[in-house]
2 protein chains.
Amino acid sequence: MANPRADRVRAVAALARASVRTRRGQFRVEGPQAVREAVRFAPELVRDVYLSVAAAQRYPEITDDASTAGVHTHLCSPDVLTAMSPDAQGVLAVARPDEAAAADLFSSGRPPQLLAALAQVRDPGNAGTVIRAADAAGADGVLLSAGSVDRHNPKVVRSTAGSLFHLPVIPGVDLAEATAAARSAGMQVLAADGAGQTGLDDADLARPTLWVFGNEAHGLGAAERELADAVVRIPIHGHAESLNLAMAATVCLYSSARALQAS
Amino acid sequence: MANPRADRVRAVAALARASVRTRRGQFRVEGPQAVREAVRFAPELVRDVYLSVAAAQRYPEITDDASTAGVHTHLCSPDVLTAMSPDAQGVLAVARPDEAAAADLFSSGRPPQLLAALAQVRDPGNAGTVIRAADAAGADGVLLSAGSVDRHNPKVVRSTAGSLFHLPVIPGVDLAEATAAARSAGMQVLAADGAGQTGLDDADLARPTLWVFGNEAHGLGAAERELADAVVRIPIHGHAESLNLAMAATVCLYSSARALQAS
């Protein structure tokens with residue numbers, strides 16, 4: 001493809017808008033890292049891959065995995081890729097949503113050991129970074145409450161650095177239902193909050209845990225805190241007021257991962 | 001002040017440029033959180049505070065602390081503040097650099113327990129977030145190698161959320177000298193790297209530690225790794241390739257803080 005004004009190019013560019021993503025049931029995956037993880041871990045979701053000639057030569061694993069999975073791969077001019085997205089860096093994919101639901105997490109064989117729930121998190125970079133942290137910590141999934149940022153916002157997808165395709169990331173979750181289901185599956189529910197009564201180092205993290213993290217600006221609401229068995233505070237040893245959401249979630253999830261591994 | 005074209009307004013706006021900051025020995029502190037921490041924790045560095053009338057009413061603690069410390073406080077029109085910086089949010093200060101040197105960390109009374117060194121870190125948001133994490137973890141200071149981003153870059157200052165004024169942040173550090181000084185002060189030197197030989201959970205963190213963190217894109221160079229007693233890897237339990245620099249530093253510094261508190 002060489003014409004940046006072609007209908008298909010405009011259709012991909014339009015996926016920057018949430019309303020278009022929802023109507024079409026498609027979203028964009030941008031840049032070599034995210035596309036590589038998509039075709040490797042979730043090729044069944046990938047509809048088309050678009051690469052520049054230079055990117056196809058530089059990232060043969062992408063074209064290999066796409067070809068093995070039978071994904072349509074299109075070589076494009078750099079102009080076409082830039083017209084599709086200014087953040088493509090020579091590689092872009094169009095994918096369809098993973099349809100996994102929260103209930104699937106609790107009904108499949110082994111009960112989950114570690115889950116992260118985001119309550120009303122709005123900033124795409126924060127949400128993506130927490131998804132990446134959950135993946136790195138070995139979590140079984142991430143739940144996004146209704147009212148959270150769209151998991152398919154291009155900036156969320158980029159910030160996950162591919163982790164969106166490594167574990168279930170489930171949107172539109174009712175946190176009251178999810179915390180009840182987690183408890184039925186033998187998990188404790190911990191809410192992270194700077195005003196928590198329990199210090200992180202005093203929490204019993206050697207048990208399967210669903211962590212609830214709140215909005216980056218306002219933290220957790222009273223209703224959300226009440227869903228938890230304990231509200232946990234990360235100790236602040238210096239004069240900082242707090243950690244930001246992504247840092248706090250990373251510390252909590254890694255603390256759980258360490259305790260679960262050791263147990 | 002009401003005239004956005006006044007010389008003083010232009011002089012503050014010009015501090016966006018590193019060359020101007022260096023020549024004048026001044027830098028900008030933007031937004032209520034950073035200015036509040038500056039006038040509270042380091043009023044001797046603050047030369048002028050500029051506020052809108054609305055901000056002066058909303059943040060009386062800033063005008064109180066500035067007045068107690070004898071800092072010049074100027075009420076300005078919103079236009080003036082926006083002309084000084086688009087990120088002022090109604091409050092801005094001009095400060096002079098803290099002149100502390102790395103040697104001061106090791107010569108003052110109690111030897112340091114926890115330090116973070118950034119090697120060639122270029123991204124302002126990453127550097128600022130690591131400074132914030134170091135503060136929250138109770139570190140005694142942050143060392144920036146020669147070639148790292150300017151600690152007074154407005155985006156670094158903002159990302160520290162005030163932590164820049166809570167602990168010494170020392171620029172232009174020779175890491176070979178600093179690691180030698182740290183060892184003489186009884187500290188171990190640990191480098192964080194995804195390819196490290198020692199897992200974080202296996203490292204002995206109950207000892208005074210200088211952590212060395214590398215560039216966000218390229219990690220640590222061989223010379224920097226050789227300065228360390230051990231190269232430490234954060235375990236990745238899922239499929240993520242890595243954590244980003246700010247997340248990795250937060251996990252390492254908090255792991256040290258926990259072990260040092262428990263010891």
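This is a predicted model: local features need pLDDT of at least 70, side-chain atom pairs count only at pLDDT 80 or more; totals for chains, interfaces and linings use all residues.
**Stop 1: where the domains touch.** Here 17 residues of domain 1 of chain A are in contact with 9 residues of domain 2. On the domain 1 side, colour α2 (18–24), β1 (27–30) and α3 (32–41); each gives two or more residues. α3(A) provides the largest share, 6 residues. By class, this side of domain 1 holds 8 nonpolar, 3 polar and 6 charged residues.

**Stop 2: the contact between chains.** Now show chain B. Chain A brings 28 residues to the contact, and chain B brings 28 residues. On the chain A side, select α8 (124–136) and α12 (245–262), which each supply at least two residues. α12(A) gives the most, with 7 residues. The chain A side counts 15 nonpolar, 8 polar and 5 charged residues.

**Stop 3: along α8(A).** Stay with this helix. How far does α8(A) reach from its first C-alpha to its last? Its 13 residues reach 18 Å, close to the 18 Å expected at 1.5 Å a residue. α8(A) is mostly covered, with 11 of its 13 residues buried. Pick out the buried ones, among them A:Asn126, A:Thr129, A:Arg132 and A:Asp135. A:Val130 and A:Ile131 are buried too.

**Last stop: past the helix end.**

Note on methods
Residues are numbered from 1 along each chain as its sequence is written. Chains are lettered from A and ligands numbered from 1 in the order in which they are written. Two residues are in contact if their C-beta atoms, placed from the backbone, lie within 7 Å. Helices (H or I, at least four residues) and strands (E, at least two) are DSSP runs, numbered from the N terminus. Ala, Val, Leu, Ile, Met, Phe, Trp, Tyr, Cys and Pro count as nonpolar, Asp, Glu, Lys and Arg as charged, and the others, Gly among them, as polar. The expected span of a helix is 1.5 Å times one less than its number of residues. A residue is buried if 20 or more other C-beta atoms lie within 10 Å of its own, exposed if 12 or fewer, and partly exposed in between; C-beta atoms are placed from the backbone.
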